[in-house]
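I opened my notebook to write down what I looked up, one entry at a time.

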Amino acid sequence: MELTLTRPDDWHLHVRDGVDLGSVIAHTAQQFARAIIMPNLKPPVTTTGQALAYRERILAALPQGSDFTPLMTLYLTDNTTPDMVMEAAASKAIHAFKLYPAGATTHSDAGVTDISNTFAALDAMQAHGMPLLVHAEVTDAAVDVFDREHVYIDRVLEPLTHRYPELKIVLEHVTTQDGVDFVLAGNARLAATITAHHLLLNRNAMFSGGLRPHAYCLPVLKRETHRRTLIKAATSGNPKFFLGTDSAPHARERKESGCGCAGIYTAHAALELYAQVFEDAGALNRLEGFASQYGADFYGLPRNTGSITLEKNDWTVPENYPLGNSTLIPMHAGQTLHWRIKQ
Ligand code: NCD
Ligand code: ZN
């Protein structure tokens, strides 16, 4: 069996920098035409100048002959000014701002401490049609880690959609029924990305037979009812939901640790993993909209030309891949996948 799609895009991706970038970028470039590149480097990418320089480093790290296009983002901080938004919009290479609540996840300590500090920047983003990408989790230690998404929606995101009805907002890596309901109830400028790992795993994966650091990401995996809701949303054909892997490489020893980093690596088999989800849901005919159309439409970018073909052909995921001077453990390491990109 084969499935041919318009070339897809990844609307949420971490590729890091330096030697790590060189290790992972080929995986994404091999299947996606474009990807929204997350700005959570250390230090974060907060200015257009930094993003353009980062873009050059990504282009330089691509395999020979690749036509992959990195779509850059800026890291929103308490100090982002309307002028910085204007400069980003004028650059044409910057496609969004990413809002990390301070302390919510990996390299987010420079994030926004109070949403009201960003209002001037958000006004400018709304005026320039610049999307806001949101890591929607409260950092309040009093809130249970499994409730952080819906509490963030109630406290911050819902009010924000009323204050900025024209602002394009993406609820990144939505993980809950509450998140899906919120996106469904919103206007056409409110959308969400969905990861492959949140479609394939529930929170039991973190504890199966022992503590499983490679199944730990943020937002953390949720219970099975939420996973089912995500599958329904992703396979519904509703253009508010599109592909964003949140593939997040970390060196093995940083995850297998007394305080392991959050992040699941899926770039080695992103489309294959999504294809399995859509096949299991009886919705393979809806994969193309989710992977290759709705995201581009939302961002106001042309859909890709060209195509990619998946075939039913078992293969075994390697136990690890190089990551700079170390290795990373990919999702489903050592396991058999049924879909494969046809070379
Ligand atoms: C991401 C990372 O490692 O950069 N980790 C993750 O678990 N998703 C950060 C993020 O997007 O939250
Ligand atoms: Zn991410």
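**Entry 1: ground rules.** I began with a word I kept needing: contact means heavy atoms within 4.5 Å. The model is predicted, so I noted that local features need pLDDT of at least 70, that side-chain atom pairs count only at pLDDT 80 or more, and that totals for chains, interfaces and linings use all residues. Residues are numbered from 1 along each chain as its sequence is written, chains are lettered from A and ligands numbered from 1 in the order in which they are written, and side-chain values use heavy atoms, with hydrogens and water left out.

**Entry 2: the whole chain.** I looked up the helices and strands, which are DSSP runs numbered from the N terminus (helices are H or I, at least four residues; strands are E, at least two). The chain has 11 helices and 13 strands. Its radius of gyration is 19 Å, close to the 20 Å that the globule rule gives for 343 residues, so the chain is as compact as a globular protein of that length. For my own reference, this radius is taken over C-alpha atoms, and the globule rule is 2.2 Å times the number of residues to the power 0.38. I also noted that the C-alpha trace spans about 50 × 45 × 40 Å along its principal axes.

Next I checked burial: buried means under 20% relative accessible area, exposed over 50%, and partly exposed in between (1.4 Å probe, protein chains only). Buried residues make up 57% of the 343 residues. Of the contacts with a separation of 6 or more, 72% come from residues 24 or more positions apart.

**Entry 3: helix 3 and helix 4.** I reminded myself that two packed helices are described by the angle between their axes and the distance between the axes. Axes are lines fitted to C-alpha atoms, for helices over the stretch in contact, and angles run from 0 to 180 degrees between N-to-C directions. Helix 3 and helix 4 pack at about 30 degrees, with their axes 8 Å apart. The two are therefore roughly parallel to each other (angles under 35 degrees count as roughly parallel, over 145 as roughly antiparallel, 65 to 115 as roughly perpendicular and the rest as oblique). Their crossing is right-handed; a crossing is right-handed if the near helix is turned clockwise from the far one by less than a right angle, and left-handed if anticlockwise.

Which residues meet here? I found Pro-82, Val-85, Met-86 and Ala-89 of helix 3 touching Ala-120, Ala-121, Ala-124, Met-125 and His-128 of helix 4. By class, that contact has 8 nonpolar, 1 polar and no charged residues. (Ala, Val, Leu, Ile, Met, Phe, Trp, Tyr, Cys and Pro count as nonpolar, Asp, Glu, Lys and Arg as charged, and the others, Gly among them, as polar.)

I stayed with helix 4 (residues 119-128), where Phe-119, Ala-121, Leu-122, Ala-124 and Met-125 are buried. The buried residues of helix 4 pack against helix 3 (82-91), strand 5 (94-99), strand 6 (132-134) and helix 5. Just after helix 4, Gly-129 takes a positive phi of about 65 degrees.

**Entry 4: helix 5 and helix 6.** The axes of helix 5 (residues 148-163) and helix 6 (residues 177-185) come within 10 Å and cross at roughly 15 degrees. That makes helix 5 roughly parallel to helix 6. This crossing is right-handed. Helix 5 brings Glu-149, His-150, Ile-153, Leu-157, Glu-158 and Thr-161 to the contact, and helix 6 brings Asp-178, Gly-179 and Phe-182. I sorted them by class: 3 nonpolar, 3 polar and 3 charged.

**Entry 5: helix 10 and helix 11.** Helix 10 (residues 270-280) and helix 11 (residues 287-299) have axes that come within 9 Å and cross at roughly 140 degrees. Leu-271, Tyr-274, Ala-275 and Phe-278 in helix 10 meet Leu-287, Phe-290 and Ala-291 in helix 11. The contact divides into 7 nonpolar, no polar and no charged residues.

Entry 6: Is Gln-276 buried or exposed? Gln-276, found in helix 10, is buried, with a relative accessible area of 16%. Leaving aside neighbours within four places in sequence, Gln-276 is in contact with His-338 and Trp-339.

Ala-269 sits in the loop between helix 9 (252-255) and helix 10, and counts as buried at 0% relative accessibility. Not counting residues up to four places away in sequence, Ala-269 touches Gln-31, Trp-315 and Leu-337. The C-alpha atoms of Ala-269 and Leu-337 are separated by 8.8 Å, though the two are 68 residues apart along the chain.
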